[in-house]
Amino acid sequence: MNYLSVENISKSYGDKMLFEKISFGINQGDRVALVAKNGSGKSTLLRILKGNEIADEGRIAWRKDLNVAFLSQEPAFDEELTVIDTLLNSKNKFTDLIKQYNLAMGGDSSIDLDHVITQMSDLNAWDYENKVEEVLHRLQITQLKQAMKTLSGGQRKRVALAQVILNKPDLLILDEPTNHLDIEMIEWLEAYLENQDFTLLIVTHDRYFLNNVCNYVLEIEGTQLYNYKGNFEYYLEKKAERQTVQASEIDKAKNLYRRELEWVRKMPRARGTKSKSRVDAFYEVEEKAKQKKENTDIEISVKMSRLGSKILELHKINKSFGEKKIITRFDYTFKKGEKIGIAGVNGSGKTTLLNIIQGIENADSGKVQTGETVLFGYYSQKGMQLKNDKRIIETICDIAEYIPLADGTTLSAGKLLARFNFPPHTQYQLVSTLSGGEKRRLFLLTILMKNPNFLILDEPTNDLDIATLQTLEDFLQDFGGCVLVVSHDRYFMDKLIDHLFVFEGDGAIRDFPGTYTEYRIWKDKNKVKNKTEAEPASKEQTPAQAQQQTPQNKKSYKVLKEIESLEKEIAELEQKKQELEQLLSSGETSHLILQKAGSDLETVLKNIDQKSTRWLELQEA
């Protein structure tokens with residue numbers, strides 16, 4: 001069933017064409033991702049679909065009576081309303097029916113009460129308020145009487161999610177739904193959308209989210225739209241194939257163009273006898289040959305300041321806000337070249353730790369010792385200060401007109417901007433004309449060109465396009481200094497970090513030796529094992545038995561993996577032992593076979609003994 005048809009729509013702002021005569025459709029059950037580099041028109045296209053902007057040309061057709069819900073990047077609310085009133089006053093099919101019912105019960109004779117009651121029963125709208133509270137609980141919003149103006153960015157995004165989820169739409173359109181959400185909430189949303197019967201159109205740069213939720217990818221590139229019927233991995237594969245074919249076709253057209261150009265330039269007498277079809281074909285070849293190969297790669301090669309042997313040491317750091325403990329007796333000595341991720345729910349204290357490290361905020365107690373050569377580069381959304389009335393080139397020249405590169409050469413501000421996908425014809429635009437993602441990219445450039453050797457990145461992936469993210473990942477992997485990063489982008493964290501600082505609550509910070517995905521696997525296994533151990537724990541235990549129990553969350557990920565491997569190997573050896581014992585007791589085989597079986601059994605028993613001893617050592621470690 002077709003929900004949406006978009007036919008030949010175009011949109012431009014002045015001389016800048018965003019997309020030209022693009023067409024696509026969305027059918028029931030489609031889970032469509034819309035991807036493009038920043039400034040290519042993703043959000044503009046969503047505003048056109050919503051009716052907030054008008055396309056220059058083309059046609060948009062929605063299925064009649066289709067229930068569509070939009071989640072914008074920055075949802076707007078009545079700031080004076082409470083959380084619960086915001087949702088109960090939301091305009092959707094449930095609240096509309098409830099209002100009609102209340103009006104009819106109040107004596108409004110223009111409303112057919114019996115019809116309203118029937119509709120409410122069909123939609124099961126009688127317990128709508130209970131459903132609102134249930135959804136808010138699942139989204140971890142518990143202060144229902146809190147005013148909207150007091151909520152953080154993450155809390156506001158969760159209330160907006162509750163609005164669209166409660167609407168139970170036929171088509172759900174989400175613009176950067178993972179922004180401002182912590183990783184646990186993103187994983188919940190991902191699982192929820194996977195298991196619900198939603199038709200989706202999503203703009204997001206979260207690559208795990210795209211891969212797990214979406215089955216169709218639309219890409220805007222060079223004003224054109226490309227379709228890929230598959231998930232994000234399939235899109236990457238097919239896009240690479242398309243670009244290879246396009247580059248080959250342009251090269252062939254250039255060779256043909258050179259030959260045809262000689263033919264067209266012949267004497268006027270010869271031109272009079274030329275075939276008109278060949279002349280027409282020449283202009284088609286000329287147009288194709290003069291196409292530029294699409295190149296959106298960003299090159300980051302700025303110089304890093306020298307970093308000495310002493311970098312940064314944290315000694316017994318404590319921090320609390322009132323009775324809430326944020327950091328308790330945290331120690332760490334940073335080493336050159338290490339890349340550390342920080343994980344934890346929103347409000348757990350991740351940004352507070354970054355501020356203490358830089359001296360922006362003071363710890364309650366403890367010492368922060370910073371090496372003399374350390375030069376911090378701090379990327380933070382709250383710290384982004386770009387003047388909208390300045391031109392892009394002026395923003396860079398205010399820092400330096402020439403920038404030293406890693407290879408020892410220098411580069412002018414204009415050429416550096418070009419490397420960051422700000423071509424010359426855009427560099428004299430005002431900063432106010434940039435999209436949110438383009439502003440983030442410009443701000444990132446202003447940080448890197450100061451040549452820091454200790455990068456602190458607080459949510460660097462928000463609003464950056466996938467091409468910029470991939471380049472930033474490559475740059476950070478080769479970066480010789482220290483990197484400390486807070487990010488909800490699991491793909492980014494997995495590709496980059498060596499280990500994690502995990503905020504576990506009540507001031508505890510765990511140093512986990514692995515990626516975020518490895519931490520999640522370890523944590524899930526830990527929950528299962530703790531649950532299994534908790535069942536017999538309810539029975540009466542002696543103090544000695546209680547003392548012997550080892551809390552599983554004290555074991556490292558590598559230890560847990562080794563325990564799991566040993567348990568599997570011991571089970572296989574026990575099976576082998578049983579088979580050999582049966583063979584020896586059968587009495588129906590030759591003497592040589594029995595002799596070999598006896599030798600094999602001796603080896604198996606020895607291995608079982610060794611592996612069981614090792615298993616016990618790990619359990620008691």
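I looked up how α5 and α6 cross and noted a right-handed crossing, where right-handed means that the near helix is turned clockwise from the far one by less than a right angle, and left-handed that it is turned anticlockwise. The model is a predicted one, in which local features need pLDDT of at least 70 and side-chain atom pairs count only at pLDDT 80 or more, while totals for chains, interfaces and linings use all residues. Residues are numbered from 1 along each chain as its sequence is written, and side-chain values use heavy atoms, with hydrogens and water left out.

I then noted that α5 (residues 128-138) and α6 (residues 153-166) pack at about 135 degrees with their axes 10 Å apart. Axes here are lines fitted to C-alpha atoms, for helices over the stretch in contact, and angles run from 0 to 180 degrees between N-to-C directions. Helices are DSSP runs of H or I with at least four residues, strands are runs of E with at least two, and both are numbered from the N terminus. The two helices are therefore oblique to each other, given that angles under 35 degrees count as roughly parallel, over 145 as roughly antiparallel, 65 to 115 as roughly perpendicular and the rest as oblique.

For the contact (heavy atoms within 4.5 Å), I listed Tyr128, Lys131, Val132, Val135 and Leu136 from α5, and Ala162, Ile165 and Leu166 from α6. Seven of these residues are nonpolar, none is polar and one is charged, with Ala, Val, Leu, Ile, Met, Phe, Trp, Tyr, Cys and Pro counted as nonpolar, Asp, Glu, Lys and Arg as charged, and the others, Gly among them, as polar.

Next I turned to α3 (residues 93-105) and α4 (residues 113-123), which pack at about 150 degrees with axes 10 Å apart, and I recorded their crossing as left-handed.
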